[in-house]
Amino acid sequence: MVERRYEGRVALVTGAASGIGRAVALRLAAEGAWVLGCDVDADALAETGKLIADAGGQSTMAVADVSAQADVDRIVGLLPDGRIDLLANVAGIMDFFLPVTEVDDATWERVMAVNVTGPMRLSRAVLPLMRAAGGGAIVNVSSIGGLTGAVAGTAYVTSKHALVGMTRSIAALYGADGIRANAVCPGGVATNIGRSAVPKVAWAYERLEKAFARTTRTAQPDEIATLVCWLGSDEAVNVNGAVVASDGGFTA
Ligand SMILES: NC(=O)c1ccc[n+]([C@@H]2O[C@H](COP(=O)([O-])OP(=O)(O)OC[C@H]3O[C@@H](n4cnc5c(N)ncnc54)[C@H](O)[C@@H]3O)[C@@H](O)[C@H]2O)c1
């Protein structure tokens, strides 16, 4: 039986075209939310909208780059009557497992722009709306790379640790407004993120591979989406500033 925890609620989901973001968008819509999904991949984003409609859900899909302020302004402007109950910052990219001695400025800046600046811009835009409404929730998808160092390159690990810090800062500063911010740290998930996960520096990847041997299992996107949707729901009313691993025991 599908729960309807989001009946009448409005949710904004980034990275909604693929992987975890698509799974979050589908699950929220199935639970009654009106979903505003965004992504840079127009075709795959339209497919997410179609999947939601075919299942009887309601959504609007808007092509947008979360790192661009103009795009953030545009998608926040699409929220009905400025209402938003949940912001799920899911969009993210990897960094080709580049160690700091080899990372180029373009990769560093793009990873930080998408994984850190994007969630900041969206949080900055929606928090005043949530405060005015008396509450809301933010769920940031970080990574085990936000908890440990040996899972990706330096830019990705730095960005995901930063997202954990942003989550805690928002929780501490806006909890008194009825707003909760929590982070999810997945381990390996079967998605399309491999596009930016092709190793470019052999020696660094060989060192990291020794740590990957600890991986217990590869998750399906919906196994992460269920945690995101719980954290964003009223059931998690007492959970604020939490950083929750969903990694099959990788960080145990
Ligand atoms: N797959 C994993 O093993 C894994 C593990 C830990 C954390 N994560 C995190 O989960 C999140 C989702 O990744 P995924 O695994 O579903 O990958 P994915 O590549 O399947 O989906 C990510 C989506 O984000 C979109 N995107 C990228 N840059 C964007 C931008 N600037 N603006 C808007 N959308 C953008 C992509 O087009 C894509 O549709 C990421 O933040 C990632 O770091 C993934």
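# Ligand, helices and cores

Reader: How many residues surround the ligand, and which are the closest?

Author: The ligand is surrounded by 29 residues. Closest are Ser18, Ile20, Asp39, Tyr156 and Thr191. Near means that one of a residue's heavy atoms lies within 4 Å of the molecule or strand.

Reader: What kind of model is this, and what do the values rest on?

Author: This is a predicted model: local features need pLDDT of at least 70, side-chain atom pairs count only at pLDDT 80 or more, and totals for chains, interfaces and linings use all residues. Residues are numbered from 1 along each chain as its sequence is written, and side-chain values use heavy atoms, with hydrogens and water left out.

Reader: Which backbone atom lies 2.8 Å from an oxygen atom of the ligand?

Author: An N or O atom of valine 90 does. Isoleucine 193 also has a polar backbone atom 3.4 Å from a ligand oxygen. On its own, the ligand has 830 Å² of accessible area, and the protein covers 93% of it. Such areas come from the Shrake-Rupley method with a 1.4 Å probe; for residues, only the protein chains shown count as cover.

Reader: Why is aspartate 65 called buried?

Author: Buried means under 20% relative accessible area, exposed over 50%, and partly exposed in between (1.4 Å probe, protein chains only). Aspartate 65 has 18%, so it counts as buried.

Reader: Where is aspartate 65, and what does its side chain meet in the protein?

Author: Aspartate 65 is in the loop between β3 (58-63) and α3 (69-76). Its side chain makes a polar contact of 2.7 Å with the side chain of serine 67. Another, of 2.9 Å, joins it to the side chain of arginine 110.

Reader: Why is leucine 26 called partly exposed?

Author: Its relative accessibility is 29%, so leucine 26 falls in the middle class. Leucine 26 sits in helix α1 (residues 19-30). Beyond neighbours within four places in sequence, leucine 26 is in contact (heavy atoms within 4.5 Å) with Thr48, Leu51 and Ile52.

Reader: How do you know that the span of helix α5 agrees with its number of residues?

Author: Helices (H or I, at least four residues) and strands (E, at least two) are DSSP runs, numbered from the N terminus. The expected span is 1.5 Å times one less than the number of residues. Helix α5 (residues 154-174) has 21 residues, so it should span 30 Å. Its end C-alpha atoms are 30 Å apart, which agrees.

Reader: What do the buried residues of α5 pack against?

Author: They pack against α4 (105-133), β5 (136-141), β6 (179-186) and β7 (243-246). Among these buried residues are Tyr156, Lys160 and Leu163.

Reader: What about the span of α7?

Author: Its twelve residues should span 16 Å. The end C-alpha atoms are 17 Å apart, which agrees. The buried residues of α7 include Ile224, Ala225 and Val228. They pack against α1, β4, β5, β6 and β7.

Reader: What makes a set of residues a nonpolar core?

Author: The members are buried Ala, Val, Leu, Ile, Met, Phe, Trp, Tyr and Cys residues, joined through side-chain atoms within 4.5 Å. The largest such core has 30 residues; Val13, Val24, Leu28 and Val228 touch the most other members. A second, separate core of 28 residues includes Val66, Leu79, Val116 and Ala171. In soluble globular proteins, nonpolar side chains tend to be buried together.

Reader: Why is serine 142 called buried?

Author: Its relative accessibility is 3%, so serine 142 counts as buried. Serine 142 is in the loop between β5 and α5. Its side chain reaches the backbone oxygen of lysine 160 at 3.0 Å.

Reader: Is aspartate 81 buried or exposed?

Author: Aspartate 81 has a relative accessible area of 83%, so it is exposed. Aspartate 81 lies in the loop between α3 and β4. Its phi is positive, about 55°, although it is not a glycine. Most residues other than glycine have a negative phi.

Definitions and conventions: Polar contact = N/O pair within 3.5 Å; in protein donor to acceptor, adjacent residues only side chain to side chain.
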